[in-house]
Amino acid sequence: MMELSNLLQQAIDHHQQGHLEEAERLYRAILQVAPRHHYAHHLLGQLARQRGQPRSALSHLMTAVSANPTVGQYWLALVEALLECGEYGEAERVLAEACAHGLEGPAVVELTARLAAATLKGEAPSPDPLPVTQPPTEEEASELQEAAAAYNSGNLALVLEKAQRLLAKNPGLALAWAIIAQVRWKQGEAVAAEEAARRALAIEPNQREALLALAVSLQDQERYEESEALFRQALLAYPKDAEIYSNFSALLQEIGKWPEAQAVALRAIELNPTYADAWVNYGSALLASGESERAASAYQAALQFNPQRVEALYCLGRLAAANYDFPKALDYFDKALTLCPHFVESLLAKAEVYGFSDQLQEAESCARLALQKKPHHFDAHLALAFALAAQGKDGEAEEVLQAARQCRPQPSDAAERILAAQIAGRLYLPAIPESQAAIAHWRARYREGLNALLDLPGTLTDPTQYFFSGSVSFFYLAYHNADDRALMEGRCRLFRAKAPQLNFEAPHVARWQFPTGRRIQVGFCSELLVDHTIGKLYQGLLGQLDRSRFEVILIYPPQAKRDQLRARLEAACDRTVTLSGRLPQWQAQVAALELDALFYPDIGMRLSTYFLAYARLAPVQMVSYGHPDTTGIDTVDYFLGGDAPMEPEGAEAYYSERLVRFTRLPFCYQLFSLPTSIPSRTELGLPEHGRLYGCPQSSFKLHPDFDAVLAAIAEGDPEGHIVMIEIPPKARSEQLRARWAKSAPILNERVCFLPYQPLDRFMALVAHCNVLLDPIHFGSGNTLYESMAYGKPIVTWPGRFARGRFVAAAYEQMGIAEIAPIAPSIEDYAPTALAFARDQERCLAFASKAVAAAKTHLYCDLGAVRQFEAFLLAALEAAAQGEKLPSGFRVPPPKGGS
């Protein structure tokens, strides 16, 4: 094909010579190759204005401005076109936006004057002249109505036949072309839909159905700037059209403009309160902004007005899955499939739920069923490939991916999505490993996968868009009782190579100097600084940092939910920033804060902060025990940890970050109000008799080595009961029982599972237990702080890594280690638990001392806050010299104690 520059010059020559049709043909040829070519859009818009069709010009002029807002000529042309259309309010808004982008000079003064004069005169818009066409006959009008009725009933073949027959008789029927455009879009043929819509608009420039069909077909082709401009043009022509507003909201969500998407969907609802699609789009915009309860209400409203709306059921299912209520999620997906058996998105969502729950055969079945219904469905191929690869069927998975490459239509990012599927499949880890041998197998496979994936071609533009939480899980590595540093560093190398966008650096970092004359700006970035373990662990630190020296800025990814704890944290901090858009926008928004230090409390818990941490967004970046394992990410400078006994000597080798040793646990935990009444054992669903050994932990914390310990406790106390919480998904508990059937059958008889408990009932459960059991290798975190409110003995054995040493370190900090149930070896764990549980007086004496010690030395620990401040100052002073603190750096104890 001819070089675009030569083609453009030819088009301009024809344009200047007055050969407008040839010029238009060449401009459109350029856009076929480069859909976002801003100059071609600008010239097409100017050409339409020359023809006296300013409304037809608007979509191209808007796209030119959106694609390159630095060109003042584009802004001027757009404002002039709006004036020509009589859209004075919009012209005024666009002119103000242009000035905000730096547009100035005589032309701006002239336009301002023209706008003021036109507004004063109250001039009416001059409508675009329409081509002279033959209006439909009475028979044609009747057939058009029949076609519309067939479209609404879903008989697309009949619609197409009627519309094409009409056009054979009268090619000037704009509505017939628009109907064809809508059908082609419904059939997934976005290019054909675009062509038909443009034919309609050439006849009738503001034909409503054609404008809408063109906007959504451009959206499906990922020509987002053109689509957005066209939606805005359509709303100028139809400012009270709820359907256009609703569809526009869907586009805005797709491009990450969440606040505007909410507002636009809400406007659709105001125009038509019973419009179910608008409620669905409003709910999705709310959900993307973390407002899950309001989103659920919006989806329910959609079903109230249209019980057959499968999209609302699907969205409710996605919301339930996000809250780990998988039975409810599957029920919603099944209801959607009952109403519409070919709605394969519900099948693929089921596959995702099963994949997250490690029910890989069920995930495979759902993906295969989706392919039976739609054999060329691209995403169904990817879902099947993941399920196969996760089962170790790599050859079959590659065959499926090869078939995906042949699917038509192909999404524009097909190569990226296939690469993401390969990464997800090769880096899969089960939550509940069957044995220590199984752990060794999965870790070896993970290591091999990292090496193999590096050799694959292709890159990812934004990895946050291609993975769901369980699909590239490194989270479970931390529960294997192994040194994860090499694997996590290998993972960092992989994503640095495959996702270049991750290598972003904030501009201010290169010129940064130690702050003088202002407070130090510290960012805290997490999805989980809400009513979650992370929010509970870090709320005291956020609230107690010295505001005379530090400005505290909360940074939430868009997905973070909104709840009461988040509201309290926001009120306690100086500023809150909620990120919007996609990863490149997140990076830019954090960079704009020009932070001195950036703290990620829990890298590894959510993909948003994991991938954000790859960027250099502050001179000092750090992580801590929110997820107590190394990140492997070379832009995370420090891991804020503890000194012995929290971190054993030599623990520096386990971290890619530089380990910083506090003399205290690095938390300032706020004690909550305890329940005023305790339900009975029967009311809680507990056995009425026998000692209770509580282990209310997530099932994935229970390492296969712990099975024998639990079995020894069960055998040593025949009347006792081990109490656990069945935390969703339920499949995890079933997998754990299946493992016990092989490793320790007695546990399936003696372990009592309770459903997930709200805090007041959870505390009642703790109160009834004789002792609590700290899982070996990866122990208690938040449960430790909750349990010490009652002084409940927690039996523990300090393992090899900090993640198994929290309880022992807390006992040391509280000054009660000598009387605490700390087992000297794994073999002593069960005897220690049994001895404590049988000795009620010993438990009561321990509780009395533990409650007092916790109030003095564990809760509201301002010493940890002062050490955090001291570390920040030392790290920033080192950064100002172009250096870092050494690994193993010991933060001096706070004045007045250690």
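# A walk through loops, rings and helix pairs

Let us start with Ser-357, which is buried, with a relative accessible area of 1% (buried means under 20%, exposed over 50% and partly exposed in between, using a 1.4 Å probe and protein chains only). What you are looking at is a predicted model, in which local features need pLDDT of at least 70 and side-chain atom pairs count only at pLDDT 80 or more, while totals for chains, interfaces and linings use all residues. Residues are numbered from 1 along each chain as its sequence is written, and side-chain values use heavy atoms, with hydrogens and water left out.

Ser-357 sits in the loop between α20 (344-356) and α21 (360-373); helices here are DSSP runs of H or I with at least four residues, strands are runs of E with at least two, and both are numbered from the N terminus. Leaving aside residues up to four places away in sequence, Ser-357 touches Phe-326, Pro-729, Ala-731 and Gln-735, where contact means heavy atoms within 4.5 Å. You will find Pro-729 in the loop between β9 (721-726) and α34 (730-743).

Another cis peptide bond links Ala-644 and Pro-645, with omega at about 10°. Pro-645 belongs to the loop between β6 (638-642) and β7. As background, most peptide bonds are trans, and most residues other than glycine have a negative phi. Glu-222 lies in the loop between α12 (208-220) and α13 (224-237) and is partly exposed at 22% relative accessibility. Glu-594 also has a positive phi, about 50°, although it is not a glycine. Its place is the loop between α30 (583-591) and β4 (597-600), where Glu-594 is partly exposed with a relative accessible area of 36%.

Now for the aromatic rings. A search of the whole structure finds 40 aromatic pairs (rings of Phe, Tyr and Trp, the last by its six-membered ring, pair if their centres lie within 6.5 Å; planes under 30 degrees apart count as stacked, over 60 as edge-to-face and the rest as tilted). Phe-475 and Phe-700 form an edge-to-face pair, 5.4 Å centre to centre with 80° between the planes. Because Phe-475 lies in the loop between α25 (436-454) and α26 (485-498) and Phe-700 in the loop between β8 (692-694) and α33 (704-716), this pair ties together parts that are 225 residues apart in sequence. Phe-475 is buried at 14% relative accessible area, and Phe-700 also counts as buried, at 17%.

Tyr-669 and Tyr-859 make a tilted pair, 6.3 Å centre to centre and with 45° between the planes. Tyr-669 lies in the loop between β7 (658-662) and α32 (681-684) and Tyr-859 in the loop between α40 (840-857) and α41 (862-880), so here the parts tied together are 190 residues apart in sequence. Tyr-669 is buried, with a relative accessible area of 1%, and Tyr-859 is buried with 5%. Both tyrosines belong to a cluster linked by ring pairs, whose members include Phe-524, Tyr-538, Phe-599, Tyr-669, Tyr-785 and Tyr-859.

Rings meet charges too. The charged end of Arg-566 sits over the ring of Tyr-556, 3.8 Å from its centre, and Arg-803 lies over the face of Phe-801 at 4.3 Å from the ring centre (the criterion is NZ of Lys or CZ of Arg within 6 Å of the ring centre and within 35 degrees of the ring normal).

Two helix pairs round out the tour. Helix α22 (residues 378-390) packs against helix α23 (residues 394-405) at an angle of about 170°, with the axes 8 Å apart; axes are lines fitted to C-alpha atoms, for helices over the stretch in contact, and angles run from 0 to 180 degrees between N-to-C directions. That makes α22 roughly antiparallel to α23 (angles under 35 degrees count as roughly parallel, over 145 as roughly antiparallel, 65 to 115 as roughly perpendicular and the rest as oblique). Among the residues making the contact are Phe-378, Leu-382 and Leu-388 of α22 and Val-400 and Leu-401 of α23. Helix α24 (residues 414-426) and α25 pack at about 160°, their axes 9 Å apart, and are therefore roughly antiparallel to each other.
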